Amino acid sequence: MPFPDRSQEDTVLWKHSPAYQLLHTTSERDKQKASSSGKPPTTWRKIWKLKAPSKIKHFCWKLYSDCLPNASNLRKRGVLSQRGCPLCRAKEEDSTHTFQRCPFTSETLTRQQLKSFPYQFACMQDLVEFSFDNLEKDQLTKWVITMWDVWRQRNLALREEPIRQPEETATFALNFMSRMANAAFVANQPFSIIENG
Ligand SMILES: [Zn+2]
């Protein structure tokens, strides 16, 4: 399965747009605050220790901070957005929908036997903390890669481009992990072997 190029990464905002600048400024400020406090939150530290490409860790940090540019977050930042979920056409798109309730996501997680979360979390911080505290190492890696890929499929759907079905998304994480292992991935090492592979 080919790996998508960087043009499919997790934002569809033009980088000079007001929305992008707002989100970028907010995320950089929060990141600096966390890293300069002397004692960053445990989950924050765990995210950066994750054995995964830096782009996935960066996504996970955005998920934890709930600063991904979905319709709800854009509205909070003063950017009018009337649209719903690009994956299932639900009326309201926020992070709790995309990463928990959306039928696309829940079917993907069920197929991965990852539907072990005891309840729906009200915020992304709780969801990410629960995952890092309770999932086994491989399960956690699979979950993070899956969330990253769900967000990419959501971005493709937003641009009305073809997306993978949940069963394909479910196997994507496993294939990705297999390629990481085959590439003898070392944490914080440049990921060129896999990205170019
Ligand atoms: Zn949805």
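**Fold, confidence, core, loops**

Read from the N terminus, the order of elements is α-α-α-α-α-α-α-α-α-α.

This is a predicted model: local features need pLDDT of at least 70, side-chain atom pairs count only at pLDDT 80 or more, and totals for chains, interfaces and linings use all residues. Residues are numbered from 1 along each chain as its sequence is written.

Confidence next. pLDDT is the predictor's confidence in each residue, from 0 to 100. The chain average is 79, and 71% of the residues score at least 70. Over residues 1-27 the pLDDT stays under 50, and the model has 34 contacts there beyond four places in sequence. A contact here is two residues whose C-beta atoms, placed from the backbone, lie within 7 Å. Residues 192-197 also have pLDDT below 50, with eight contacts beyond near neighbours in sequence. Where pLDDT is low, the predicted coordinates should not be read in detail.

Now packing. Of the contacts with a separation of 6 or more, 61% join residues 24 or more positions apart. Of the 197 residues, 29% are buried. Buried is 20 or more other C-beta atoms within 10 Å of the residue's own, exposed is 12 or fewer, and partly exposed is in between, with C-beta atoms placed from the backbone.

A nonpolar core is a set of buried Ala, Val, Leu, Ile, Met, Phe, Trp, Tyr and Cys residues joined through C-beta atoms within 7 Å. The largest one has 31 residues, and Cys 60, Leu 63, Val 144 and Met 147 have the most contacts inside it. Elements giving two or more residues to this core are α2 (42-49), α3 (54-65), α7 (124-134), α8 (137-158) and α9 (166-182). α8 gives the largest share, eight residues. Beyond four places in sequence, Leu 63 contacts Leu 68, Phe 99, Met 124, Val 128 and Met 147.

Leu 68 lies in the loop between α3 and α4. Is Leu 68 buried or exposed? Leu 68 is buried, because 23 other C-beta atoms lie within 10 Å. Its C-alpha is 8.0 Å from that of Ser 95, 27 residues away along the chain.

Last, Asp 94, in the loop between α4 (71-76) and α5 (95-101). Asp 94 has 19 C-beta neighbours inside 10 Å, so it counts as partly exposed. Leaving aside neighbours within four places, Asp 94 contacts Asn 70 and Ser 72. Asp 94 and Ala 71 are 23 residues apart in sequence, with 6.4 Å between their C-alpha atoms.

Note on methods. Helices (H or I, at least four residues) and strands (E, at least two) are DSSP runs, numbered from the N terminus.
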